[in-house]
Every structure is written in C-alpha cells, then in structure tokens.
Amino acid sequence: MAHFISPKNIYHGAGSLKHLNEIIKDLQVKSVFLLVDPMIKELGVIDSILVQLDKYHIKVEISTDVVPEPTLYIGDQIVDKVRKTEVELVIGVGGGSALDLAKVAAVLGKNEGKVEDYLNLKKKKRFTNKGLPKVLIPTTSGTGSEVTDIAVFSLENTKDVITHENLLADYAIVDPELTYTLPPKITAASGIDALTHAIEAYTSVHSTALTDTLALDAMGRIYKHIRNAVWNSHDKEAREQMALGSLIAGLSFYNAGVAGVHGLAYPLGGLFKIPHGESNAVLLPYVYGHIWSSCLAKMTNIAKAFNLPIDGKSDQEIAMDVVQRLQDLVREVGLPTSLKEYDIHLDDIMILAENGMKQTRLLNRSPKPLDIKDIQEIYTSAYKGQLVNDDGKE
Ligand SMILES: [Fe+2]
C-alpha cells in the first residue's frame, strides 16, 4: 500500500505564468504579499506578474528579503511582515529559498510563535491554523520546492527543516520562460540538485511504483538536457525539459524522500556556506560510489534512464559506470568535484561527519545504512575527488 501527495493545482509549460490571472479571479483576493528573490526582481521577471495583479486592482506588498540558505532570523523577519499586513494571499517567486520562505510566511503568518518552534529537530509547537493560500512560482529548475511541504533553514553548523502539509502550495506554476536568464552556474547547481532528488527518491527505502516511474522519467530528461541548458542558456527545449524534469523529480522526492546525499550536504551548507545544489553535486558521485552495491538493480535502471551502453556488462560494471558518469557530469556542467576546491581540509571531516550523522530523518532512507565510518569515508573520497569502489580500491 502506498500514499502519494501533491499540490492540487500545477500549471507547467512555456507561458503558463498567464494562469495567475485565473487563480487571482478564483480566489477573489484583494491584497497579496509578493516575496521575490532580489536578483529576480532586478531582472524584471516579476513585471508581468505585477501587470496581472494590477489588472484586478490588487494591493501588492513586495518583499525582497530573500537570501540564499536563509537563517531563522530572516524567516522570522518575513513572517513578521506578513503578520503586520492584511494580505490574503502569498506569492513566492524565485529559487528554493524564496519559495521555502513564502511557504513559511503564509503559514506562520496565521500561527503563533517563531520559525524555530516548528523545526523538525525541535517540534516545540504545532500549527493550529492552515495559513494563507499560496502560489509558488520557481525561477530555477532544481529545488522542486513548489511541490513539496518542506522549508529548509540554515543553523549554525547544519540545516533543519519545517515539514508540514500546511506548507504545500495551493497553486504551483512552473514556467520555463522564467529560467531563460538564469546564469550557467545556477543552472548547473540547481539542475544537479534536481537530478539528485530523482536518484535519491528512486533508491530511497520509501520509494513506490509511482515515485519510481516519476524519478526515472525525471533523471532521463535532466541527464539528457542539463548540459545544453547550462551552456546554451536560450535553448528553449533544454529549458523546458529541465523545468519539467525538476518538477517531476520534486513530486517523486516529496513522496519517497531524499537520503544520504542531502543529509551529508547539509553540514557543507551549514559549516562552509556552500550553496545547496553545489553541496549535493560535490557529494553525489561519492555517496553512490559508496552505496551502489545496496541498490544494484536500480543502478542498472538508472543507466538505462541515462541511455548508457549496458550490453555485455555485469551489474557491477554498469553501477560503477553510472557513478563515474555522475562525476563526469558534475565536471561537465562546470561545478567542483572535490571538497578541496572549497578550501575544506582533511581536519574538517570529523566535524562534518558528526553533523551529518544527526540527519537521521534523511539517512534512514538510504538503501545502505550509513554509520560514522561510512560517512567519514564518503567525505574523504569527496575531499580527494576520488571515487572508491566497494572493495575499497581507488
Ligand atoms: Fe535538494
């Protein structure tokens, strides 16, 4: 038996932003809190949204308080702004941070307490109010935040999340046209994040037939189109496929969960401020280099989704080829493939491992249980940028 959850309304495809008109009409709201990434506002991406809102004489409170890897302080600041206004709808526009903050602002805006009170590791308070309706509009193809009920916050040494169904979008609009101006590095990092969502959901111990189907579809689209999206930013087909791949991966991982890559990436974000997508990218090949034998049949299906040659190869050879291709892909899209490149030292591995171990919610979904020794080995391979086979040979 399985249960699958997703937002009720998802609009996707080039030009789908125009559906905001219908949403505004349906909800009959008079005032909106529009939370937007400052860079996205600068690029004029919200201009057409403002035109649509103006058409219905909607009062708009614009906030650009979005920062990458947001802290609790930023979260509380935005929640306070929503509480002080009489807004009836929250619209989030931007990357994962903007969308996560919009979810929290919409829900905490109508609940008491601080962001910290609702964190997964603390759980001091429970929501008593569903919160304001929310429309989430991603401008990157990566986080999948528009279809999940998760909001991530940076703490001192690591990260933690608020996860609750109240945070789920009422409407998600995934319009690839909003990603045309995305620079190569962000396209690469968010694209590898989306690929990681698909792969981790697929090998998660909580995967289902439905999440597997979505995950394989997403990883095929992303693996095929990510290079073009990164290096030919106006390739409309590549942008469309990346937007779709990211959305589909989001639906899959929201239900099956992500695991070791994300769990071990959190301390890289918390301690070394490495952006989310990059911290996943620098670990993805090494986590799978360590765990592939625990999900051998699935590694073969990943190879098929990537369209890799598999004839005449053993399952082990295919799995190791997938791992090697992941490392190649991270390099091909221009991202670092070792922790050394981030000025992280061997001495840092202990504290990274200790913090990584705390992410039990994520680690518990790994097909291979990961203890402190496994985690140290993964960080060490990632530090050196060297894949280690299951037999320990480099
Ligand atoms: Fe992610």
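**Close-up views of a predicted model**

View 1. Gln28 sits in the loop between helix 1 (20–27) and strand 2 (31–36). Its phi is near 50°. That is a positive value in a residue other than glycine.

**View 2. Glu69, a partly exposed loop residue.** The loop here runs between strand 3 (59–63) and helix 4 (72–84), and Glu69 lies in it. Glu69 is not a glycine, yet its phi is positive, at about 45°. Glu69 has 18 C-beta neighbours inside 10 Å, so it counts as partly exposed.

View 3. Domain 1 covers 9–179 and domain 2 covers 184–384. Their C-alpha centres lie 26 Å apart. Domain 1 gives 24 residues to the contact, and domain 2 gives 30 residues. On the domain 1 side that touches domain 2, the residues divide into 14 polar, six nonpolar and four charged.

**View 4. Asn355, a buried residue of helix 14.** Helix 14 spans residues 349–357 and includes Asn355. Asn355 has 22 other C-beta atoms within 10 Å, so it is buried; the cut-off for buried is 20 or more. Setting aside residues up to four places away in sequence, Asn355 touches Asn157, Thr158, Pro267, Gly270 and Leu271. Take Leu271, one of these partners. In sequence, Leu271 and Asn355 are 84 residues apart. In space, they are 9.3 Å apart, C-alpha to C-alpha.

**View 5. Helix 11 and its surroundings.** Eight of the eight residues of helix 11 are buried, so the helix is largely enclosed by the rest of the structure. The buried residues are Leu284, Pro285, Tyr286, Val287, Tyr288, Gly289, His290 and Ile291. They pack against helix 6 (184–203), helix 9 (260–272) and helix 10 (276–281), and also against helix 13 and helix 16.

**View 6. Helix 11 against helix 16.** Helix 11 (residues 284–291) packs on helix 16 (residues 372–384) at an angle of about 135°. The axes are 9 Å apart. The two helices are therefore oblique to each other. The crossing of helix 11 with helix 16 is right-handed. Helix 11 makes the contact through Tyr286, Val287, Gly289 and His290. From helix 16 come Asp374, Glu377, Ile378, Ser381 and Ala382. By class, the residues of this contact are four nonpolar, three polar and two charged.

**View 7. Helix 12 against helix 13.** Helix 12 (residues 296–305) and helix 13 (residues 315–332) meet at an angle of about 60°, and their axes are 9 Å apart. This pair is therefore oblique. Helix 12 and helix 13 cross in a left-handed manner. On the helix 12 side, the contact uses Leu296, Met299, Thr300, Ile302 and Ala303. Asp315, Ile318, Ala319, Asp321 and Val322 face them from helix 13. The contact of helix 12 with helix 13 holds seven nonpolar residues, one polar and two charged.

Conventions: Residues are numbered from 1 along each chain as its sequence is written. This is a predicted model: local features need pLDDT of at least 70, side-chain atom pairs count only at pLDDT 80 or more; totals for chains, interfaces and linings use all residues. Axes are lines fitted to C-alpha atoms, for helices over the stretch in contact, and angles run from 0 to 180 degrees between N-to-C directions. Helices (H or I, at least four residues) and strands (E, at least two) are DSSP runs, numbered from the N terminus. Angles under 35 degrees count as roughly parallel, over 145 as roughly antiparallel, 65 to 115 as roughly perpendicular and the rest as oblique. A crossing is left-handed if the near helix is turned anticlockwise from the far one by less than a right angle, and right-handed if clockwise. Two residues are in contact if their C-beta atoms, placed from the backbone, lie within 7 Å. Ala, Val, Leu, Ile, Met, Phe, Trp, Tyr, Cys and Pro count as nonpolar, Asp, Glu, Lys and Arg as charged, and the others, Gly among them, as polar. Domain bounds come from an automatic or database domain assignment. A residue is buried if 20 or more other C-beta atoms lie within 10 Å of its own, exposed if 12 or fewer, and partly exposed in between; C-beta atoms are placed from the backbone.
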